[in-house]
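Thank you all for coming.

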Amino acid sequence: MEFSKLLISLFIFQVFFPCHMSIQAAPANSDLFREYIGAEFNNVKFSDVPINSNVEFHFILSFAIDYDSTTGSPSPTNGKFNVFWDSDNLSPTQVSSIKSTHSNVKVALSLGGDSVGDGYAYFDPSSVDSWVSNAVSSLTNIIQEYHLDGIDIDYEHFNADPDTFSECIGKLIKTLKNNGVISFASIAPFDDDDIQSHYKALWKSYGDLIDYVNFQFYAYDQGTTVSQFMNYFNTQSSNYNGGKVLASFISDGSGGLTPENGFFTACSRLKSENKLHGIFIWSADDSKRNGFRYEKQSQALLAISH
């Protein structure tokens, strides 16, 4: 008799709280720390940057660009990527060395960036299929030569509509993952209408393939407050719904919420809300002059039981 009551109770519970209604788990706190490196050619090396053994650490080489690198005024190459970072100091040998010294380190490359030579770096495909074919081929070569683990998408100027961008980048990530060339991918949008229209189209079609959103919170105005930052973070988390949106600052202090003005207060608040999916910094090149003090502080915060 008691057993049948229990069954009835369980049945009623399942009717009102069916298990299949569970929504995909929201991203939780993480110990991921990421840092862009190599764009400014100031001789910064991987080994200069302090690495806390209790975090997951990603260096992001800046940048690989599908422009030719041999002429005085670079021109687009429709997906044929070349290395535009400081490869003298950030070479394949140095990638292997930092990864063998620190088992928690992975290294990625970022595509695009703001500028090349004296002009903007444009996303400028001739067609989806030709761009994807060239990009898969050229990036596979670079990724394998440099012993890399992932890619980051940081195009900021476009000669293509959002759907074309979405198809090109989505198919690129999908192919590189399916081929086992990369294990993770991220995007690096910021709060600008043209940027957001392109990246939100990509997110809508291919968000399931994008592991991290390196949102450039430092593109907001200098003097951003903690409460403004929290609002911005929540807005972008809803724009990239279900994504691991990382908190970020720029180490030259030129925009957004700075460590001096409460960045780590905001991170602690996010952590208490289970929303600190990681921290990234632009850039090691700029941090070199202050002795990487905020890299140390960021990692210390992330390393505390997440």
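Predicted model: local features only at pLDDT ≥ 70, side-chain atom pairs only at ≥ 80, totals over all residues.

Which residues have the most contacts inside the largest nonpolar core? They are L109, I151 and Y155, in a core of 79 residues, where a nonpolar core is a set of buried Ala, Val, Leu, Ile, Met, Phe, Trp, Tyr and Cys residues joined through side-chain atoms within 4.5 Å, and buried means under 20% relative accessible area, with a 1.4 Å probe and protein chains only. Helix α3 gives the most to this core, with seven residues; helices here are DSSP runs of H or I with at least four residues, and strands are runs of E with at least two, both numbered from the N terminus.

Residues are numbered from 1 along each chain as its sequence is written, and side-chain values use heavy atoms, with hydrogens and water left out.

Returning to Y155, and leaving aside neighbours within four places in sequence, Y155 is in contact (heavy atoms within 4.5 Å) with residues including F81, L111, W131, F165 and I169.

Not counting residues up to four places away in sequence, S110 touches Y36, I60, L61, F63, A64, D152 and D154.

Key:
Buried < 20%, exposed > 50% of the residue type's maximum accessible area, 1.4 Å probe, protein only.
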